[in-house]
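Please read them beside the coordinates.

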Amino acid sequence: MATRHRRPNRGLARRTARKAAAPLYRLLHPRKPAFTCPICNYQGPFRDKRDRRHAKCPSCGALERTRLLFAVLSPLLESFSPERKRVLHIAPEAQLDEWLRGRFGHYVSGDLQRMDVNARVDIQHLPFPDATFDLVVASHVLEYPEDDRKAIAEVQRVLRADGIAALPVPLMHFRTRDLPARDATTRVMHEPGLDYFQRMEANFAQVHLHRSDEVNPAHQPFIHAPTDKTPPLLVHQPNVRLDVVPICLTKP
Ligand SMILES: [Zn+2]
């Protein structure tokens, strides 16, 4: 049975402070290009994050990948019939949490270590019966479990017959590298390449790949970082790379 925890208010206080400081960030950076966050509707420059330019919304904190995921998922969920109400959000992003809670009648957040979630879950052994959820969202999760193929099979198992899963991973290489031991710095077991989506195709009837250049560029869904080591298929412009959101469907 899943363990339940209280949600601490620390995250809420941090989010409130960040939102209050966003207009000041806009005022102090008049020369940076302006974007629109699709999640919180902030308009203005985005913060850089290490070597990634225009990465983070200063108001809600959403990163490039979270804005892309939101932009891909929103139209999909509009086509969901109202009786499809059950969502599992693994390693939940605070920016998507509120939106998914509002959209779905039954929201479960899960994580292996975090305390601010509904259920303690190991994605390799999900503590839910078959066909429980209409949607599973797990972004930048599959690179961590030792048996990522089992994790993907588990996500498929807990989905209903017409369920969908959004399972983005960080694309690092041309071909996926499975590491012999957990990387000491990044803690990952797998460094996904462009062939990684085949592991999803082995479990799902359909896998649709949605790319950064398919959504509104005003949301800044690209990764602005040096592209010298990026697989060529992901290079959008010099020093701008594409990201990909795989949407996996159980129904053929
Ligand atoms: Zn935002």
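The points below go from the sheet to the core, the helices and then the loops.

1. Basis. The model is predicted; local features need pLDDT of at least 70, side-chain atom pairs count only at pLDDT 80 or more, and totals for chains, interfaces and linings use all residues. Residue numbers start from 1 along each chain as its sequence is written. Helices (H or I, at least four residues) and strands (E, at least two) are DSSP runs, numbered from the N terminus.

2. The sheet. An open sheet of 7 strands has the order E7-E6-E5-E8-E9-E15-E12, with mixed pairing. Strand E7 (119-120) and E12 are at the edges with a single partner strand each, so one side of each has no neighbour in the sheet. Two strands count as paired if DSSP finds at least two bridges between them.

3. Pairings within the sheet. E5 and E8 are parallel, with 4 bridges, and Leu 88 sits opposite Val 136 in E8. E9 and E15 run antiparallel and are joined by 3 bridges; here Ala 166 has Ile 247 of E15 as its bridge partner.

4. Cover of E15. Of the 6 residues of E15, 5 are buried, and the strand is mostly covered. Burial is judged by other C-beta atoms within 10 Å of a residue's own: 20 or more is buried, 12 or fewer is exposed, and in between is partly exposed, with C-beta atoms placed from the backbone.

5. The core. The largest nonpolar core holds 56 residues, and those with the most contacts inside it are Val 136, Ala 138, Val 155, Ala 165, Ala 166 and Leu 167. At least two residues of this core come from each of H2, E5, H3, E8, helix H4 (148-158), strand E9 (159-166), helix H5 (197-201) and strand E15 (244-249). A nonpolar core is a set of buried Ala, Val, Leu, Ile, Met, Phe, Trp, Tyr and Cys residues joined through C-beta atoms within 7 Å.

6. Ala 166. Apart from neighbours within four places in sequence, Ala 166 contacts Leu 69, Leu 73, Val 137, Ser 139, Val 245 and Ile 247. Contact means that the two C-beta atoms, placed from the backbone, lie within 7 Å.

7. Helix H3. Gln 95, Leu 96 and Leu 100 are buried in helix H3 (residues 94-103). These residues are on the same side of H3 because they cover an arc of only 105° around the axis, the arc being that of the directions from the helix axis to the C-beta atoms. The buried residues of H3 pack against helix H2 (64-78), strand E5 (86-90), strand E6 (106-111) and strand E8 (133-138).

8. Pro 92. This residue is in the loop between E5 and H3. Pro 92 counts as buried because it has 23 C-beta neighbours inside 10 Å. Not counting residues up to four places away in sequence, Pro 92 touches Asp 97, Ser 109 and Val 117.

9. Helix H1. What is the number buried among the 19 residues of H1? The number is 1, so H1 lies largely in the open. H1 has a kink of about 35° at Ala 21, shortly before the proline Pro 23; the bend at a residue is the angle between axes fitted to the seven residues ending there and the seven starting there. Ala 21 is exposed, with 12 other C-beta atoms within 10 Å. Its C-alpha is 7.4 Å from that of Ser 59, 38 residues apart in sequence.

10. Positive phi. Which backbone angles deserve a look? Arg 187 is not a glycine, yet has a positive phi of about 70°; it lies in the loop between strand E10 (177-178) and strand E11 (190-191), and counts as exposed with 9 C-beta neighbours inside 10 Å. Asn 239, also not a glycine, has a positive phi of about 65°. The place of Asn 239 is the loop between strand E13 (235-237) and strand E14 (240-241), and with 16 C-beta neighbours inside 10 Å it counts as partly exposed.

11. The hairpin of E3 and E4. Strand E3 (residues 47-49) and strand E4 (residues 52-56) are antiparallel, with 2 bridges. Lys 49 is opposite Arg 52 in E4. The hairpin has 2 residues between the strands, and Arg 50 takes a positive phi near 50°.
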